[in-house]
Amino acid sequence: MSSDFYRNVYRVVAEIPEGKVTTYGAIATCLGVASGARMVGYALNQLIHEKSDEPLPAHRVVNRLGQLTGRAWFPGDTMRERLEQEGVRFTEEYTVDIDKHFWDPGLNI
DNA sequence: CTAATGACGACAC
DNA sequence: CGTGTCGCCATTA
């Protein structure tokens, strides 16, 4: 399990700076599979049952619209609260200002 | 090996 | 402008 693809996703997600967010598509593109946005989400989905001493900041990964599609995988509003706590602006209750806090992995990884 | 699924994305209607 | 449908690629059944 945990193919290189997964580790790749985990590494990118782990590099997301606080107060910044990125999209599934951006990560996928960074990994080489531009159309593998679904795979990124799938990889993160596996990370739920994956035990880690230091959980990955998956809450900083949103879809291209900035919507917290993964909020359902976090208890309560943990995802929204954490992002808000890091200084991320919200255009809506569950939508971040992706345009101002977008972080491109390709420019930093 | 074939079929189905998925924390998405883009396009069609 | 909101909804629906297909495509994308890896993993699982």
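**Exercise 1.** Work out at what angle the axes of α1 and α2 cross, and which residues make the contact.

*Solution.* Step 1: in this predicted model, helix α1 (residues 4–14) and helix α2 (residues 24–31) have axes that come within 10 Å and cross at roughly 120°. Axes here are lines fitted to C-alpha atoms over the stretch in contact, with angles from 0 to 180 degrees between N-to-C directions.

Step 1: that makes α1 oblique to α2, because angles under 35 degrees count as roughly parallel, over 145 as roughly antiparallel, 65 to 115 as roughly perpendicular and the rest as oblique.

Step 2: F5, N8, V9, V12 and V13 of α1 meet I27, C30 and L31 of α2, where contact means heavy atoms within 4.5 Å. Sort them and you get seven nonpolar, one polar and no charged.

**Exercise 2.** Find which residues of the largest nonpolar core touch the most other members.

*Solution.* Step 1: a core joins buried (under 20% relative accessible area, 1.4 Å probe) Ala, Val, Leu, Ile, Met, Phe, Trp, Tyr and Cys residues through side-chain atoms within 4.5 Å.

Step 1: among its 18 residues, the pick is V9, V13, I27, V40, L44, L47 and V61.

Step 2: two or more residues each come from α1, α2 and α3 (37–48), with α1 giving the most, five.

Step 3: zoom in on L44: beyond neighbours within four places in sequence, L44 is in contact with V9, V13, Y24, A58 and V61.

Local features need pLDDT of at least 70 and side-chain atom pairs 80 or more, while totals for chains, interfaces and linings use all residues; side-chain values use heavy atoms, leaving out hydrogens and water.

Methods:
Residues are numbered from 1 along each chain as its sequence is written. Chains are lettered from A and ligands numbered from 1 in the order in which they are written. Helices (H or I, at least four residues) and strands (E, at least two) are DSSP runs, numbered from the N terminus. Ala, Val, Leu, Ile, Met, Phe, Trp, Tyr, Cys and Pro count as nonpolar, Asp, Glu, Lys and Arg as charged, and the others, Gly among them, as polar. Buried means under 20% relative accessible area, exposed over 50%, partly exposed in between (1.4 Å probe, protein chains only).
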